[in-house]
Amino acid sequence: MAEPKTKYDRQLRIWGEQGQSALEKASICLLNSGPTGSETLKSLVLGGVGSITVVDGSKVEVGDLGNNFMVDESSIGQSKAKCVCLFLKELNDAVKAKFVEEYPEELIETNPSFFSQFTLVVATQLVEESMVKLDRICREANVMLIFTRSYGLTGLVRISVKEHTVIESKPDHFLDDLQLNNPWPELMSFAEAIDLNVQDPAAHKHIPYVVILVKTAHEWAKAHGGALPSTREEKREFKELLKGRIIARDEDNYKEAIDASFKVFAPQGISTDLQKIIHDSSAEVDSNSSDFWVMVAALKEFIANEDCGEAPLEGSIPDMTSSTDHYINLQKIYQAKSEGDFLIVEQRVKNILKKIGRYPNSISKATIKSFCKNARKLRVCRYPLIEDEFNHPSLPALQKYLTDEDYSMAVGFYILLRAVDRYAANFNSFPGQFEGGMDEDISRLKTTAISLLNDLGCNGLTLTEDLINEMCRFGAAELHSVAAFIGGIASQEVIKLITKQFVPMCGTYIFNGIDHKSQSLTL
């Protein structure tokens, strides 16, 4: 067996050893082992999740061979959960795998405590009534839940968690944490000691752009009553000031300073997103508060008392044109400031823990250090109960989606995926599931969809005939290509939730296979 570091080398580069460790400790339950569920679990097994439990009471039928690559002809008549489980086990022998031959709907009704043993439940192909019940069960047990479904050429993914907090959100684009518009004394002193008018051409073109911007911004502020450039004209003047200091065409450091000048213009202090987090009611901590919110409480104190309204410094600097000595010294200044900020936050965390009756060292140094490094990028995600979304969605949002041409297909599929469940409850089959009577099925589904829209407060609104016809033509089929795509999206969200890295999707993700389009609906 390959060593874990070799086996998982590529993904370790994305979420690191801490993320991989979280995966290897996780226990995943899959409800229904059709192609959507099997494809979801396949990606997680290959990724090295700790253990899986497959729940399905059905037997493998001939029709399963056409859309589920994890069963074959020898599987016909056998437990589908068992066959899928054995196949997945072959993909990664480090993963513990077991199966339960029981229908998920029956398990939800008769043994709700069963789900409390898992880290996360992936519920596939459940109808609305079972979704609502399972959501309540998982919320009460504090178990993460993801609903997935594929239906013909459409599908959905919906996360349901009370609250999910993310320290390592890893945004694609984020402004470097250099504090050029609010330098601390050590950075200011370092910049002041460097002469921007030095006569040596080699020295002049190796002054780091950080120093150029700090000194130029300081000079500007002195001449403008302490204010930095804010208007378009002032920003243009500031850039002209930088250009005026170039003495040779090959001075890349000044070009870098001009390109990075927007960092000086950025507002001081913390972002509105971070303000919302530190002023969240959960930041008023007690003995039951999570480690995240204890650290947020400490961060709130730090911002209010320690550093001119700024978050702890991240401590890294980007590559730039500079002499080696200048760059190393600058690096040390940023690292020292970052370490100092961390020590202050760490002490505040310990004080808060002691105050609320918890062991002062119960949150590790490594966790606090990671929190400080990512303080500007914290995220808090909260998801409404699926029952609340079904019964009381945001009416303005729903009406906007229904009347917006860009979202009409996505919201149409969302409504119809709910309408087919109502249809099945009334007629004991899904529309178009059996040959013959297609016209009657279309008429019934249209009536059901209009009734659902009226119940949601969207009187007078309807869906296109073409979309209703397509939904009936799908016949509740799970197409492998769609199931694989939905499974891939779902497994990606599972990994985000378990590793607590990257930001999981909000709202209900809808895949439109007709137009090859994906959209998220927040209701």
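# Reading contacts, burial and packing in a predicted model

User: Which residues does Thr154 touch, leaving out those up to four places away in sequence?

Analyst: Thr154 touches Arg149, Phe413, Leu417, Met471, Phe474, Val482, Ile510 and Phe511, when residues up to four places away in sequence are not counted. Please keep in mind that this is a predicted model. Thr154 itself is found in strand β6, which covers residues 154–160.

User: What makes Thr154 buried?

Analyst: The relative accessible area of Thr154 is 0%, and buried means under 20%, so Thr154 counts as buried.

User: Why is the aromatic pair of Phe413 and Phe474 called stacked?

Analyst: The ring centres of Phe413 and Phe474 are 6.3 Å apart, and rings pair if their centres lie within 6.5 Å. The angle between the two planes is 25 degrees, and since planes under 30 degrees apart count as stacked, the pair of Phe413 and Phe474 is therefore stacked.

User: How do you know that Phe413 and Phe474 link distant parts of the chain?

Analyst: Phe413 lies in helix α19 (residues 408–427) and Phe474 in helix α21 (residues 465–474), and the two residues are 61 residues apart. Phe413 is buried, with a relative accessible area of 0%, and Phe474 is buried as well, with a value of 9%, because the cut-off for buried is under 20%.

User: Why are α19 and α21 described as oblique to each other?

Analyst: The two helices pack at an angle of about 50 degrees, with their axes 11 Å apart. Roughly parallel needs an angle under 35 degrees and roughly perpendicular one of 65 to 115, so α19 and α21 are oblique to each other. Their crossing is right-handed. In this contact Met409, Gly412, Phe413, Leu416, Leu417 and Val420 of α19 meet Leu467, Ile468, Met471 and Phe474 of α21, and by class the residues comprise 9 nonpolar, 1 polar and no charged.

User: What makes α3 and α4 roughly parallel?

Analyst: Helix α3 (residues 35–47) and helix α4 (residues 80–91) pack at an angle of about 30 degrees, with their axes 9 Å apart. Angles under 35 degrees count as roughly parallel, and α3 and α4 are therefore given that description. The contact is made by Ser38, Leu41, Lys42, Val45 and Leu46 of α3 together with Val84, Leu88 and Leu91 of α4, which divide into 6 nonpolar, 1 polar and 1 charged.

User: How do you know that Asn68 is buried?

Analyst: Asn68 has a relative accessible area of 4%, and the cut-off is under 20%, so Asn68 is buried. Its place is in the loop between β2 (51–55) and α4. Leaving aside neighbours within four places in sequence, Asn68 is in contact with Ser33, Gly34, Pro35, Ser38 and Val84.

User: Why is the pair of Phe292 and Phe371 called edge-to-face?

Analyst: The ring centres are 6.1 Å apart and the planes stand at 80 degrees; planes over 60 degrees apart count as edge-to-face, so the pair of Phe292 and Phe371 is named in that way. Phe292 lies in helix α14 (residues 291–305) and Phe371 in helix α16 (residues 365–373), so the pair ties together parts that are 79 residues apart in sequence. Phe292 is buried at 5% relative accessible area, and Phe371 counts as buried at 0%.

Definitions and conventions
Residues numbered from 1 in each chain as written. Predicted model: local features only at pLDDT ≥ 70, side-chain atom pairs only at ≥ 80, totals over all residues. Heavy atoms only, no water. Axes fitted to C-alpha atoms, helices over the stretch in contact; angles between N-to-C directions. Helix = DSSP H or I, 4+ residues; strand = E, 2+ residues; numbered from the N terminus. Parallel < 35°, antiparallel > 145°, perpendicular 65-115°, else oblique. Contact = heavy atoms within 4.5 Å. Nonpolar A, V, L, I, M, F, W, Y, C, P; charged D, E, K, R; others polar. Phe/Tyr/Trp six-rings, centres within 6.5 Å; stacked < 30°, edge-to-face > 60°. Buried < 20%, exposed > 50% of the residue type's maximum accessible area, 1.4 Å probe, protein only. Left-handed = near helix turned anticlockwise from the far one by under 90°.
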